[in-house]
Amino acid sequence: MVTRKPYAVGVARRQQILDAARELFSVRGYRGASMRDVAAQVELTLAGVLHYFPSKEDLLAAVLQQRDDTDTPWFEEKWAEVGSFRVAMRELMIRNMNAPGVVRLFVTLSAEATDPEHPAHDFFQKRYRTSRELFSATIAEAQRRGQVVPEASGPLLIAVLDGLQIQWLLEPDFDPLAALESYLDSITLE
């Protein structure tokens with residue numbers, strides 16, 4: 001059986017739709033942005049968008065998954081490149097600050113998804129469960145390497161990062177990097 005590769009135009013159009021949805025969801029929330037809004041943003045009909053994403057829930061899942069698919073490998077590569085947990089964490093914050101729309105999207109949708117009826121509720125439950133495991137394993141590796149104190153906690157690090165990003169979105173003059181450096185002073189040995 002021959003499997004056809006997606007056409008470049010189709011791949012590009014799908015990415016345009018994802019980008020538009022990410023922006024609209026980050027500004028208006030999932031419930032405040034319609035599929036028609038997404039279609040208008042990319043100059044397609046609603047049927048055109050539905051060709052790529054059969055439902056709004058499918059579009060939301062793709063938007064959320066796209067970022068998660070790149071975050072973990074990015075951090076692992078950055079840590080390997082710089083050799084320092086502290087520097088890699090700082091670079092992660094800078095990366096997020098360079099993508100305020102993505103940060104706003106995750107803040108908005110994670111808050112909305114606390115409602116068990118929200119279509120992203122299960123996604124965010126799983127995401128935070130996985131993140132706690134991943135950050136705990138990362139902290140354990142940093143401890144093994146002698147870069148982090150034994151008392152450091154993966155879930156607490158997530159809370160610090162999320163909290164600093166929320167404060168920055170609410171008050172753009174707030175310096176999350178300085179606050180992160182202060183927190184890292186308390187957990188790193190480098």
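Guide: Helices here are DSSP runs of H or I with at least four residues, numbered from the N terminus. This is a predicted model, where local features need pLDDT of at least 70, side-chain atom pairs count only at pLDDT 80 or more, and totals for chains, interfaces and linings use all residues. Residues are numbered from 1 along each chain as its sequence is written, and side-chain values use heavy atoms, with hydrogens and water left out.

A pocket is an open set of points on a 1 Å grid over the protein atoms alone, where a 1.4 Å probe fits, with protein on both sides within 12 Å along at least five of seven lines; lining residues have an atom within 4 Å of a point. The largest pocket has a volume of about 930 Å³, volume being the space filled by probe spheres set on the points. Two or more lining residues come from each of helix 4, helix 5, helix 6 (100–112), helix 7 (121–144) and helix 8 (154–170). Helix 7 gives the most, with eleven residues. By type, the lining divides into 19 nonpolar, eight polar and eight charged (Ala, Val, Leu, Ile, Met, Phe, Trp, Tyr, Cys and Pro count as nonpolar, Asp, Glu, Lys and Arg as charged, and the others, Gly among them, as polar).
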